[in-house]
Amino acid sequence: MPVDIDIAKVARLARIGLDDDELARYGSQLEVILEHAARIQALDLDAVRPTAHPLPMVNAFREDEPGTTLDRDEVLAQAPDREGPFFRVPPFLEEA
Amino acid sequence: MTYEAVIGIETHVELATASKMFCGCPVDFGAEPNTNVCPTCLGLPGALPVPNERAVAWTVMLGLALDCEIAARSLFHRKNYFYADLPKNYQISQYDLPLCTGGHLDVEVGGETHRVGITRVHLEEDTGKSTHLGDTGRIHAAEAALLDFNRSGIPLMEVVSEPDITGPEAARAYAEELRSIVLALGVSDAKLEEGSLRFDANVSLRPAGSDVLGVKVEVKNMNSLRSLQRALAFEIERQAEVLDSGEPVAQETRHWDEERQVTEPGRSKEESSDYRYFPEPDLVPIEVDEAWRERLRAGIPELPAALRARLQGLGLDADTARVVAAAEGLAGLLDDTVAAGGDARVAANWLTGEVTALLRRSGAGIADTPLTGAHLAELHAMVAGRELSATAAKEVLAGVLAGEGGVRRVAEARDLLQISDEDALVAAVDAAIAGHPDEFTRLREGEQRLTGFFVGRVMQATGGKADPRRVAELVRERAG
Amino acid sequence: MTDPADLTIAGAAAALRAGSLTAAGLLEAVRRRAAMTEAHLHAYLTLDAAGAERAAAAADDAFRRGEDLGPLQGIPIALKDNMVTRGVETTAASRILAGYLPPYDATVVARLRAAGAVITGKTNLDEFAMGSSTENSAYGPTRNPWDPERVPGGSSGGAAAAVAAGSALGALGSDTGGSIRQPASLCGVVGMKPTYGLVSRFGLIAFASSLDQIGPLARTVDDAVVLFEAIAGHDPRDATSYRGAVPDVRPSLDDGVDGLRVGVIRELSGDGIDPEVLAGFRAAVERLAGAGAEVVDLSLPSMDHALSAYYLIAPAECSANLARFDGVRYGPRLEGDTVERMMAATRRDGFGPEVARRILLGTYALSAGYYDAFYGQAQKVRTLVIEDFRRAYEQADVLVTPTSPTTAFHLGERTGDPLTMYLSDICTIPTNLAGDPGISLPIGLDGGGLPIGLQVLAPALGEAVMFRVARAVEALGGFEARPALATSEGAA
């Protein structure tokens, strides 16, 4: 049962730029919460199927028909930075 | 040391649906930036996805065309990673319950058929586009990036092959065949240069005969079939050199540089991605029952391999069959020709030769011309009946394509009809013989090539309209 | 003369049709109440005075033309600020959405507008609906109208306080682990969570997608029914939206409880519940028995694990749902020399500690090597909870519990320890895991004058029997008390 969380790695995965103090604080808080949550580890649930959804629905589709789009100006008005018709961001460090 | 290459290819196919995968925004490649967007494909707060039924249907059809098992129950999953052109910072994709698994694609390389396994075909959404401002237009040393979300949310099919591909030629053949199937199904434009068809490859080497897999290198950015082939050839050679020098091959992602014709390492990431896949809670499962699956199967048109086989059955040789099958509209025209009583092989030669050349010159597509199977059948009948020479037939084709009218009309208008009337031919031959008794004597005595002389005289006298073959026959008959 | 701000929706609707009240007049009364109470309560983040005025005028015009859009026409309704409203600031009580103007309305908002409702503004909440006291709001807490030193509950604390104080006649909140029902209980109003899928989530800023539902807060069960009917029903823009008919709850609403089986969940009516709350609860159950209900004692063992499962499932889903807040397309942005650094800085600055905690927890629970042990296992516990409820509903028509283990606690009392705060939700969380409906209504006051709430639970799509029993509890309980702060004359 993992008690030692690599909180720095978790923060990187979650793209939250925490400093060392914050990392330490969140790390220990998470450990406490997880110990509580991890009580369900002890349950023998091998024979139980997981439920992803409370609703037993399937095949909720839409027809392939074009619908309305948003007004570009209204959308770009919310952008923290824009250049002409584009959203603008600082340069990428990594490639996908 | 000889190595064998082990190659797997991942293909992304952008679907030509009318609307996006999870929202009603139009799929329209020429649009102004950020005009085909809505809360869902922009990742606005509160937005929700609703799947496009046609995209699901088309994915199942491709799976069926590749002989895959279609999952009775399939799920969308969230693939979580942060990237500025991915508005929700997760992509709705499929993980361990994709729509299609376990198929295969037969590929011909050097006259041999080779079976490439298909691991899976699944459905997901495309990302937006980023343009990097700076000198090179690449990520390196850019000053900023501009984002356009028109492409965000367009349906994307991903086809993953087993690592059964053995070399660059086989890879190209696989890619071409997959592309032709996609085109036959009508689910995508499949244009590599526009990005509606994308290939990534995984390449590793192992000592010939070994069954231990080597280190895999991912190769991206191959924007044409030729680049695919060249990139793989380069990469195989590069890895061989590395191994020969005693070094291990680094597991990495490399990009093909078309200008320099090399693969280059990409930006290394800090750590390998942990996508934290979990079932998409905003969506419910997909169940493809037997009825739906069989309806989709019934809707699959004749696929390229089947078409090629059928064309060969009609008498075409393998190469001609391949060309006819691959070209838009030719097979249909050929079928119409046969239905109208024409000869498939003859028509195929005209289509792949003269007609294709004429179309290339005019820039038109076959569908834009008035040429029909009936025309081809009639043309063949006139050639067989000696009303037209082979050369004249090509001219008639040009006339029909240009809209000058039907076959006979064009032949008459352009004065191309041969004289095939036997009496007229006999008269002309006898006249030529009478006019050149010395030559005729020499022919009678064995100078065979003088047959051509008399044919020439008859052609001149008839203004080129005599049937040269029949004339030659008549001359030879008289010569004894 | 009742101050119009203290009317029920039903009462106001009658007055509007009788001509003794106009929509403009009703809005004015509600605005006056807000002016008197907001300084102390801070129930609202945004008051949309201009929009409300336009809607009230339109409602009055429609009345004059003889057009009747239904019981919500002209009625001032508040919206929790995690439902997007076009052109009206929507923040989810977070700094990361400060100043955000959505370009579209949530489906429930569109439906309310179509019904002629007058939307007063956006109410305060725990940031991104994560919390049980509204103390996690980035814009300051809301106070309980019954005692301003105490919390109104959460996360729909602002909505519950506004309804209790009279600065709205009804409100829409959202409920993921009890966030409508628990604040309703702490503020002495009615709060209801529909069956998962009955109300569209399109336009609800997502917290935990498989648990979130929008629902009404109001002063009476009848009023809650009116709001429920206005918003329920299939929405093609929400793929998890139920495609069948919305349960018709009116025919049986006043049928009483004679002959109904009312189950009491043993695990949620003993240890862990405050003695006064328990006493109030038991008294209410006895009144039901006196009215002809058969009270059944039931054990649902999975209740003990529901909290743990919830605190793995909800954070996991929220960690992905909140990934979109990255400073790229909307919201404030902190600069960075790369887009990756910009995102990391924006998110660090924009999210409060509880939200950050849950994102980190969820990210961890989903990460490689831990999925099966945490998220996977929690989804199995979810199955157990669903099965426990199914079995219970073979022996009972409805289940009843106290809504909250305690009455309203003091501001700052539980903020030091997240776990203590999480325990506020033990009675409400199981229903979210199951997707079943639940309603809380006030049944009395404790010794300190703070409201006690009783919760009625029903099987999925069982809104009819749920409302029916709630109506009976309401009639039998005769809860008339109003908070001291609910006055336009002057506040404490």
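Glu387(B) and Arg408(B) pair up in a salt bridge, their closest N and O atoms 3.1 Å apart (a salt bridge being a side-chain nitrogen of Lys or Arg within 4 Å of a carboxyl oxygen of Asp or Glu). The pair links distant parts of the chain, 21 residues apart: Glu387(B) lies in the loop between α10 (373-384) and α11 (390-401) of chain B, and Arg408(B) in helix α12 (residues 407-413) of chain B. Helices (H or I, at least four residues) and strands (E, at least two) are DSSP runs, numbered from the N terminus. Glu387(B) counts as partly exposed because its relative accessibility is 24%, and Arg408(B) does so at 33% (buried means under 20% relative accessible area, exposed over 50%, partly exposed in between, with a 1.4 Å probe and protein chains only).

This is a predicted model, in which local features need pLDDT of at least 70 and side-chain atom pairs count only at pLDDT 80 or more, while totals for chains, interfaces and linings use all residues. Residues are numbered from 1 along each chain as its sequence is written, chains are lettered from A and ligands numbered from 1 in the order in which they are written, and side-chain values use heavy atoms, with hydrogens and water left out.

Over all chains, the structure holds 69 salt bridges. Chain B has another between Arg449(B) and Glu447(B), with closest N and O atoms 3.8 Å apart. Here Arg449(B) is exposed, since its relative accessible area is 65%, whereas Glu447(B), at 28%, is partly exposed. Salt bridges also join Arg386(B), Glu422(B), Asp467(B), Arg470(B), Glu473(B) and Glu477(B) into a network.

Now for the interface of chains A and C. Contact (heavy atoms within 4.5 Å) brings together 54 residues of chain A and 64 residues of chain C. About 5,200 Å² is buried between the two chains, 67% of it on carbon and sulfur atoms; buried area is the accessible area (1.4 Å probe) that two parts lose on being put together, summed over both. Of the area that chain A buries against chain C, Arg15(A), Ile40(A) and Gln78(A) supply 12%, more than any other three residues. The rule finds three salt bridges across this interface. In one salt bridge, the side chains of Arg86(C) and Glu74(A) meet at 2.7 Å, N to O. Both partners are partly exposed: Arg86(C) has a relative accessible area of 47%, and Glu74(A) comes in at 23%.

There are also 21 residue pairs in polar contact between chain A and chain C, both residues at pLDDT 80 or more. A polar contact is a pair of N or O atoms within 3.5 Å; within protein, one must be able to donate a hydrogen and the other to accept it, and residues adjacent in sequence count only if both atoms are side-chain atoms. On the side of chain A that touches chain C, α2(A) gives the largest share, nine residues.

Chain A meets chain B as well, through 35 residues of chain A and 60 residues of chain B. The buried area here is about 4,200 Å², with 60% from carbon and sulfur atoms. Phe82(B), Leu146(B) and Val284(B) supply 13% of what chain B buries against chain A, more than any other three residues. The count between these chains is one salt bridge: Asp64(A) pairs with Arg54(B), the closest N and O atoms being 2.9 Å apart. β9(B) gives the most to the side of chain B that touches chain A, with five residues.

Inside the protein, the largest nonpolar core has 261 residues, and Phe128(C) and Phe467(C) have the most contacts within it. A nonpolar core is a set of buried Ala, Val, Leu, Ile, Met, Phe, Trp, Tyr and Cys residues joined through side-chain atoms within 4.5 Å. Helix α9 (residues 303-321) of chain C gives this core its largest share, twelve residues. Leaving aside neighbours within four places in sequence, Phe128(C) touches residues including Ile205(C), Phe207(C), Phe325(C) and Phe351(C).

Glu235(B), in helix α4 (residues 225-244) of chain B, counts as buried because its relative accessibility is 0%. The side chains of Glu235(B) and Arg238(B) are joined by a polar contact of 2.7 Å.
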